[in-house]
Amino acid sequence: MSKRAWIALGIIVLVTVEAGSAAVLFVARRYLGQPYDPIRTTSLAAPHKEMLERLLAGETTYYAHSPTLGWTIKPNGYAPLYRANAQGIRGNRIYRPTPPRGVLRLAAFGDSFTHGDDVRNQDTWEELLVRAHGQLEVMNFGVSGYGSDQAFLRYREEGLQYRPQITIIGFLPEDAYRNVNVFRPFYYPDTGLPLAKPRFVLRAGRLVLIENPMQGLGRYRDLLAQPERILPQLGIHDHYYQVKYKPGSWDFLSTVRLLKLVRYALHERSTERPEARFFNPDAEAFRVTAAILDLFVDTVAGAGSVPIILIFPAGRDIIRFRRTGSRQYTPMLEHIRAKGYRYIDLLDWFEAQARDVPVEEIAPSHYSVLGHGLVAGAVWRYLQEEGLANRGTTP
């Protein structure tokens, strides 16, 4: 075969491989929800720049920067569906330092499922509980995007002072992802909260807190001005920055992008991703999350409150269970049971009370009003069955 023929054959092979790779990338993006989306190492996405500029200008109305927690809810914060009181707690009432006589105070900590994203204040499961059972007072300390680490730190920083008789520890299986993340866009590029957070690491089997690397707003000004310098600093303790693929000079080739995407997917499924192998107990995310839950429960109990872990299944968890009878978070559930912790797995209640209800009517994204009603019912039933419904309410 002549040299020209070999060159022509090579071009044909290259074009074929490139076309095939482009097709696979299209399918991965369109039908599998796996786009080629490298970690940004030198720039911020335009929506993230805009949000940070608004934050620095004091134009955000509901969420605020927190030096210790990463972000939190503003006192008297407001959004189209949400209102916070003067204490920065979602709700319309002010809470006394101690529960009123004859009232059972619950305080709930967690992420958007505890907060009640996508429904109005009066439709959250916390408010539904209060309206249905007058002896209850339920404080909603949930914050969108939180990991278990931030929920625990908010409890320690703010919740302890209100002396709740019962403390709800909200746990969404996805929280395990967040517990090994420092700069939210590294984990979730489409986030509306492009902020940094503290995280815990395990050293010699003990939890060590890595404080929020962006404790002052001036650091965000630096990030806007010099992202190529600040982003690698934020990635030092961030799992996703360390293991996910980065932009490269050969990314114009579909084959290169596909190989990087496949390599990352295989790494996550075989080693670290909490969802892999039904919450891989050897993964850092699992071990850190289990240790945080242990610390959370111990701290609450040490303060004289009753800790209850409330497990929020996402829509995909409900779908998985209805199809296969399996739960991706089974190893974490086994850890909770082995420790003897009180818990409510809402998946059981959803199946008992709403087995024939389409998943999209319970959890179209976050929970619907119907979903919040189911949560309120599950919590109340548990309080009754465990003899906790009247704890501390004797005049």
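This section describes the sheet, helix packing, salt bridges and selected residues of a predicted model.

In this predicted model, local features require a pLDDT of at least 70 and side-chain atom pairs count only at pLDDT 80 or more, whereas totals for chains, interfaces and linings use all residues. Residues are numbered from 1 along each chain as its sequence is written, and side-chain values use heavy atoms, with hydrogens and water left out.

Five strands form an open, parallel sheet in the order E4-E3-E5-E8-E9. Helices (H or I, at least four residues) and strands (E, at least two) are DSSP runs numbered from the N terminus, and two strands pair if DSSP finds at least two bridges between them. Strand E4 (136–140) and strand E9 (343–345) are at the edges; each has a single partner strand, so one side of each lacks a neighbour in the sheet. From one strand to the next, the twist averages 20 degrees. Strand E3 (residues 104–109) runs parallel to strand E5 (residues 166–171) and is joined to E5 by four bridges. Ala 107 is placed opposite Thr 167 in E5.

Helix H14 (residues 330–339) lies across E5, strand E8 (306–311) and E9, and runs at about 155 degrees to E9. Helix H15 (residues 346–354) also packs on the sheet, where it touches E8 and E9, and its direction makes about 45 degrees with that of E9. For these angles, axes are lines fitted to C-alpha atoms, for helices over the stretch in contact, and values run from 0 to 180 degrees between N-to-C directions. Contact means heavy atoms within 4.5 Å.

Arg 199 has Ile 210 in E7 as its bridge partner. E6 and E7 form a hairpin with two residues between them, and Ala 204 in the turn has a positive phi of about 55 degrees.

Helix H4 (residues 125–132) is largely enclosed by the rest of the structure, because six of its eight residues are buried. Burial is assigned under 20% relative accessible area and exposure over 50%, with partly exposed residues in between (1.4 Å probe, protein chains only). The buried residues of H4 are Trp 125, Glu 126, Glu 127, Leu 128, Leu 129 and Val 130. These buried residues pack against E3, helix H3 (112–115), E4, E5, E8 and helix H17 (369–385).

The structure holds 16 salt bridges, each defined as a side-chain nitrogen of Lys or Arg within 4 Å of a carboxyl oxygen of Asp or Glu. One of them joins the side chains of Lys 197 and Asp 149 (2.7 Å, N to O). This pair links distant parts of the chain, 48 residues apart: Lys 197 is in the loop between helix H7 (184–187) and strand E6 (199–203), and Asp 149 is in helix H5 (residues 148–159). Both Lys 197 and Asp 149 are buried. A salt bridge with an N to O distance of 2.6 Å is formed by Arg 327 and Asp 345. Arg 327 is in the loop between helix H13 (315–324) and H14, while Asp 345 is in strand E9, 18 residues apart. Arg 327 counts as buried at 15% relative accessibility, and Asp 345 is buried at a relative accessible area of 4%.

Ser 305 is located in the loop between helix H12 (284–302) and E8 and is buried, with a relative accessible area of 6%. Beyond its neighbours within four places in sequence, Ser 305 is in contact with Pro 164, Gln 165, Ile 166, Thr 167 and Val 300.

Two loop residues other than glycine have positive phi values. Asn 76, with phi near 60 degrees, is in the loop between strand E2 (70–73) and E3 and counts as exposed at 51% relative accessibility. Asp 118, with phi of about 80 degrees, is in the loop between H3 and H4 and is partly exposed, with a relative accessible area of 44%.
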